[in-house]
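Here is a short briefing for a first look at this structure. Keep the sequence and the 3D view at hand while reading.

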Amino acid sequence: MSLPCSDQSIRPRKMQSASLPRGVEAVRCWCGDVCKVKEVTDFSDWLGMKFFMCANYESDPPESISAYVRPPSPPPLCMYYRWIDTEMPDWAVTEIRERGRRAWASLDLEELREKAEAEEKAEQKKEWKDYCVAQRAFLDEMIRKSQEEKLRLEEVYRQREQAREAERERKRERARAAKAAEEAGDGKGKYPRWTQ
(Lines give C-alpha, C1' and ligand atoms only; values in the text may rest on other atoms or scores of the structure.)
Protein backbone atom coordinates (compact mmCIF):
# COMPACT_ATOMS: atom_id res chain seq x y z
CA MET A 1 0.00 0.00 0.00
CA SER A 2 1.27 3.46 -0.90
CA LEU A 3 1.52 6.59 1.19
CA PRO A 4 -1.39 9.06 1.42
CA CYS A 5 -1.47 11.56 -1.42
CA SER A 6 -3.16 14.89 -2.02
CA ASP A 7 -1.91 15.40 -5.58
CA GLN A 8 -5.22 15.79 -7.43
CA SER A 9 -3.60 15.81 -10.86
CA ILE A 10 -3.18 12.02 -10.74
CA ARG A 11 -6.32 11.19 -8.75
CA PRO A 12 -8.61 8.93 -10.81
CA ARG A 13 -11.69 10.61 -12.24
CA LYS A 14 -13.82 7.57 -13.14
CA MET A 15 -14.39 5.09 -10.35
CA GLN A 16 -16.91 2.79 -8.76
CA SER A 17 -17.47 1.49 -5.27
CA ALA A 18 -15.52 -1.64 -4.41
CA SER A 19 -15.03 -4.06 -1.53
CA LEU A 20 -12.04 -3.99 0.78
CA PRO A 21 -9.52 -6.67 -0.26
CA ARG A 22 -8.71 -9.45 2.21
CA GLY A 23 -5.86 -8.74 4.54
CA VAL A 24 -6.14 -4.96 4.14
CA GLU A 25 -7.25 -2.86 7.08
CA ALA A 26 -9.45 0.17 6.64
CA VAL A 27 -7.76 3.52 7.16
CA ARG A 28 -8.98 6.93 8.22
CA CYS A 29 -8.69 10.04 6.08
CA TRP A 30 -7.51 13.43 7.29
CA CYS A 31 -11.06 14.19 8.41
CA GLY A 32 -10.80 11.31 10.93
CA ASP A 33 -13.52 9.19 9.28
CA VAL A 34 -13.10 5.71 7.80
CA CYS A 35 -12.28 5.94 4.09
CA LYS A 36 -14.41 4.37 1.39
CA VAL A 37 -12.89 1.93 -1.11
CA LYS A 38 -13.06 2.77 -4.83
CA GLU A 39 -11.96 0.96 -8.00
CA VAL A 40 -10.72 2.79 -11.11
CA THR A 41 -12.95 2.27 -14.16
CA ASP A 42 -11.17 4.74 -16.43
CA PHE A 43 -9.20 3.20 -19.27
CA SER A 44 -5.78 4.25 -18.01
CA ASP A 45 -2.65 2.91 -16.35
CA TRP A 46 -4.68 2.44 -13.13
CA LEU A 47 -7.58 0.43 -14.57
CA GLY A 48 -8.95 -1.99 -11.95
CA MET A 49 -6.72 -0.70 -9.15
CA LYS A 50 -8.35 0.00 -5.79
CA PHE A 51 -7.72 2.95 -3.50
CA PHE A 52 -9.00 4.64 -0.37
CA MET A 53 -10.59 8.07 -0.56
CA CYS A 54 -12.33 10.46 1.78
CA ALA A 55 -15.92 9.44 2.48
CA ASN A 56 -17.07 13.04 3.12
CA TYR A 57 -18.19 15.42 0.39
CA GLU A 58 -17.30 19.09 0.11
CA SER A 59 -21.04 19.72 -0.29
CA ASP A 60 -24.23 17.69 -0.19
CA PRO A 61 -24.46 15.34 -3.22
CA PRO A 62 -27.20 16.34 -5.68
CA GLU A 63 -30.28 14.16 -5.75
CA SER A 64 -30.77 11.97 -8.79
CA ILE A 65 -33.87 12.89 -10.78
CA SER A 66 -33.80 9.69 -12.83
CA ALA A 67 -32.48 6.17 -12.56
CA TYR A 68 -30.60 6.73 -15.82
CA VAL A 69 -29.16 10.18 -15.13
CA ARG A 70 -26.72 10.47 -12.26
CA PRO A 71 -25.41 13.93 -11.44
CA PRO A 72 -21.67 14.22 -10.76
CA SER A 73 -20.61 13.85 -7.16
CA PRO A 74 -19.05 16.83 -5.41
CA PRO A 75 -15.33 16.60 -4.58
CA PRO A 76 -14.23 14.93 -1.35
CA LEU A 77 -13.87 17.12 1.70
CA CYS A 78 -10.21 16.55 2.50
CA MET A 79 -9.00 15.34 -0.94
CA TYR A 80 -7.35 12.34 0.77
CA TYR A 81 -6.68 9.23 -1.30
CA ARG A 82 -4.31 6.31 -0.92
CA TRP A 83 -3.62 3.45 -3.29
CA ILE A 84 -4.38 -0.07 -2.06
CA ASP A 85 -3.07 -1.86 -5.16
CA THR A 86 0.40 -1.20 -6.51
CA GLU A 87 -0.18 -3.10 -9.74
CA MET A 88 -3.08 -3.58 -12.07
CA PRO A 89 -5.02 -6.84 -11.68
CA ASP A 90 -4.62 -9.53 -14.33
CA TRP A 91 -8.09 -8.94 -15.76
CA ALA A 92 -7.27 -5.24 -16.27
CA VAL A 93 -4.00 -6.09 -18.05
CA THR A 94 -5.90 -8.55 -20.27
CA GLU A 95 -8.60 -5.93 -20.93
CA ILE A 96 -6.03 -3.32 -21.91
CA ARG A 97 -4.28 -5.78 -24.23
CA GLU A 98 -7.61 -6.81 -25.75
CA ARG A 99 -8.63 -3.20 -26.25
CA GLY A 100 -5.25 -2.48 -27.81
CA ARG A 101 -5.63 -5.49 -30.11
CA ARG A 102 -9.13 -4.35 -31.12
CA ALA A 103 -7.86 -0.82 -31.63
CA TRP A 104 -5.03 -2.03 -33.89
CA ALA A 105 -7.45 -4.34 -35.75
CA SER A 106 -9.83 -1.43 -36.21
CA LEU A 107 -6.94 0.71 -37.38
CA ASP A 108 -5.90 -1.99 -39.85
CA LEU A 109 -9.47 -2.23 -41.12
CA GLU A 110 -9.60 1.56 -41.43
CA GLU A 111 -6.32 1.57 -43.35
CA LEU A 112 -7.59 -1.20 -45.64
CA ARG A 113 -10.83 0.71 -46.19
CA GLU A 114 -8.94 3.92 -46.93
CA LYS A 115 -6.63 2.03 -49.30
CA ALA A 116 -9.62 0.47 -51.08
CA GLU A 117 -11.29 3.88 -51.36
CA ALA A 118 -8.06 5.40 -52.70
CA GLU A 119 -7.73 2.60 -55.26
CA GLU A 120 -11.37 3.01 -56.27
CA LYS A 121 -10.91 6.77 -56.65
CA ALA A 122 -7.73 6.19 -58.69
CA GLU A 123 -9.60 3.71 -60.90
CA GLN A 124 -12.49 6.15 -61.36
CA LYS A 125 -10.02 8.92 -62.15
CA LYS A 126 -8.26 6.69 -64.69
CA GLU A 127 -11.59 5.72 -66.27
CA TRP A 128 -12.60 9.38 -66.44
CA LYS A 129 -9.25 10.29 -67.97
CA ASP A 130 -9.58 7.51 -70.56
CA TYR A 131 -13.14 8.65 -71.31
CA CYS A 132 -11.95 12.25 -71.73
CA VAL A 133 -9.14 11.11 -74.07
CA ALA A 134 -11.61 9.06 -76.11
CA GLN A 135 -14.06 11.96 -76.29
CA ARG A 136 -11.25 14.34 -77.29
CA ALA A 137 -10.18 11.94 -80.03
CA PHE A 138 -13.80 11.60 -81.19
CA LEU A 139 -14.27 15.38 -81.25
CA ASP A 140 -10.96 15.87 -83.09
CA GLU A 141 -12.07 13.29 -85.67
CA MET A 142 -15.43 15.00 -86.07
CA ILE A 143 -13.71 18.39 -86.47
CA ARG A 144 -11.31 16.93 -89.03
CA LYS A 145 -14.16 15.36 -91.02
CA SER A 146 -16.13 18.59 -90.81
CA GLN A 147 -13.17 20.59 -92.11
CA GLU A 148 -12.61 18.07 -94.91
CA GLU A 149 -16.30 18.27 -95.84
CA LYS A 150 -16.13 22.05 -95.75
CA LEU A 151 -13.09 22.06 -98.05
CA ARG A 152 -14.79 19.56 -100.39
CA LEU A 153 -17.93 21.68 -100.57
CA GLU A 154 -15.87 24.83 -101.14
CA GLU A 155 -14.09 23.06 -104.02
CA VAL A 156 -17.44 21.90 -105.47
CA TYR A 157 -18.87 25.45 -105.20
CA ARG A 158 -15.70 26.89 -106.74
CA GLN A 159 -15.86 24.45 -109.66
CA ARG A 160 -19.55 25.20 -110.19
CA GLU A 161 -18.85 28.94 -110.08
CA GLN A 162 -16.02 28.49 -112.60
CA ALA A 163 -18.31 26.43 -114.84
CA ARG A 164 -21.03 29.08 -114.63
CA GLU A 165 -18.53 31.85 -115.30
CA ALA A 166 -17.12 29.91 -118.28
CA GLU A 167 -20.67 29.41 -119.60
CA ARG A 168 -21.39 33.12 -119.16
CA GLU A 169 -18.16 34.02 -120.94
CA ARG A 170 -19.04 31.66 -123.79
CA LYS A 171 -22.47 33.25 -124.10
CA ARG A 172 -20.96 36.74 -123.97
CA GLU A 173 -18.52 35.78 -126.74
CA ARG A 174 -21.35 34.37 -128.85
CA ALA A 175 -23.39 37.50 -128.21
CA ARG A 176 -20.43 39.72 -129.18
CA ALA A 177 -19.87 37.67 -132.35
CA ALA A 178 -23.57 37.82 -133.27
CA LYS A 179 -23.69 41.53 -132.61
CA ALA A 180 -20.57 42.16 -134.70
CA ALA A 181 -21.96 40.06 -137.55
CA GLU A 182 -25.22 41.94 -137.44
CA GLU A 183 -23.49 45.30 -137.41
CA ALA A 184 -21.31 44.25 -140.33
CA GLY A 185 -24.37 43.24 -142.36
CA ASP A 186 -26.23 46.61 -142.05
CA GLY A 187 -27.39 48.05 -145.42
CA LYS A 188 -26.61 44.87 -147.35
CA GLY A 189 -30.04 43.33 -147.00
CA LYS A 190 -33.03 43.52 -149.33
CA TYR A 191 -34.90 45.92 -147.10
CA PRO A 192 -33.72 48.74 -144.96
CA ARG A 193 -32.87 47.71 -141.41
CA TRP A 194 -35.64 49.76 -139.90
CA THR A 195 -38.29 47.86 -141.87
CA GLN A 196 -37.11 44.43 -140.89
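## Briefing

In β3, the residue bridged to V37 is F52. That pairing belongs to a predicted model, in which local features need pLDDT of at least 70, side-chain atom pairs count only at pLDDT 80 or more, and totals for chains, interfaces and linings use all residues. Residues are numbered from 1 along each chain as its sequence is written, and side-chain values use heavy atoms, with hydrogens and water left out.

**Overall layout**

- The protein chain holds 1 helix and 4 strands. Helices (H or I, at least four residues) and strands (E, at least two) are DSSP runs, numbered from the N terminus.
- Read from the N terminus, the elements follow the order β-β-β-β-α.
- The protein chain has 196 residues, and 15% of them are buried. Buried means under 20% relative accessible area, exposed means over 50%, and partly exposed lies in between (1.4 Å probe, protein chains only).

- β2 spans residues 36-40 and is mostly covered, with 5 of its 5 residues buried.
- K36, K38 and V40 point one way from β2. V37 and E39 point the other way.
- Strand β1 (residues 15-17) is joined to β2 by 3 bridges, and the two run antiparallel. Two strands pair if DSSP finds at least two bridges between them.
- Opposite K38 of β2 stands S17.
- Strand β3 (residues 50-53) is also antiparallel to β2, with 4 bridges between them.

**The largest pocket**

- The largest pocket has about 500 Å³ of space. A volume is the space filled by probe spheres set on the grid points, which are joined across faces, edges and corners.
- The search uses a 1 Å grid over the protein atoms alone. A pocket is an open set of points where a 1.4 Å probe fits, with protein on both sides within 12 Å along at least five of seven lines.
- Its lining counts 23 residues. Lining residues have an atom within 4 Å of a point.
- M15, K38, Y57, R70 and S73 lie nearest the centre of the largest pocket.
- β1 and β2 each supply at least two lining residues. β1 gives the most, with 3 residues.
- The lining has 12 nonpolar, 5 polar and 6 charged residues. Ala, Val, Leu, Ile, Met, Phe, Trp, Tyr, Cys and Pro count as nonpolar, Asp, Glu, Lys and Arg as charged, and the others, Gly among them, as polar.

**Cysteines**

- How many disulfides are there, with a disulfide taken as a pair of cysteine sulfur atoms within 2.5 Å? The count is 0.
- C29 is in no disulfide, and its nearest cysteine sulfur, that of C54, is 3.7 Å away.
- C29 is buried, at 6% relative accessible area. C132 is partly exposed, at 31%.

**Salt bridges**

- The structure holds 19 salt bridges. Each is a side-chain nitrogen of Lys or Arg within 4 Å of a carboxyl oxygen of Asp or Glu.
- R113 and E110 form a salt bridge at 2.3 Å, N to O. They sit 3 residues apart in helix α1 (residues 90-184), so about one helical turn separates them. R113 is partly exposed at 40% relative accessibility, and E110 is partly exposed at 30%.
- K126 and D130 form a salt bridge at 3.2 Å, N to O. Both lie in helix α1, 4 residues apart, which is about one turn of the helix. K126 is partly exposed with a relative accessible area of 48%, and D130 is partly exposed at 42% relative accessibility.
- R144 and E148 form a salt bridge, with their closest N and O atoms 2.5 Å apart. These residues are 4 apart in helix α1, so about one helical turn lies between them. R144 is partly exposed with a relative accessible area of 37%, and E148 is partly exposed with 43%.
- A network of salt bridges links E165, R168, E169, R172, E173 and R176.

How values were computed: Disulfide = S-S within 2.5 Å.
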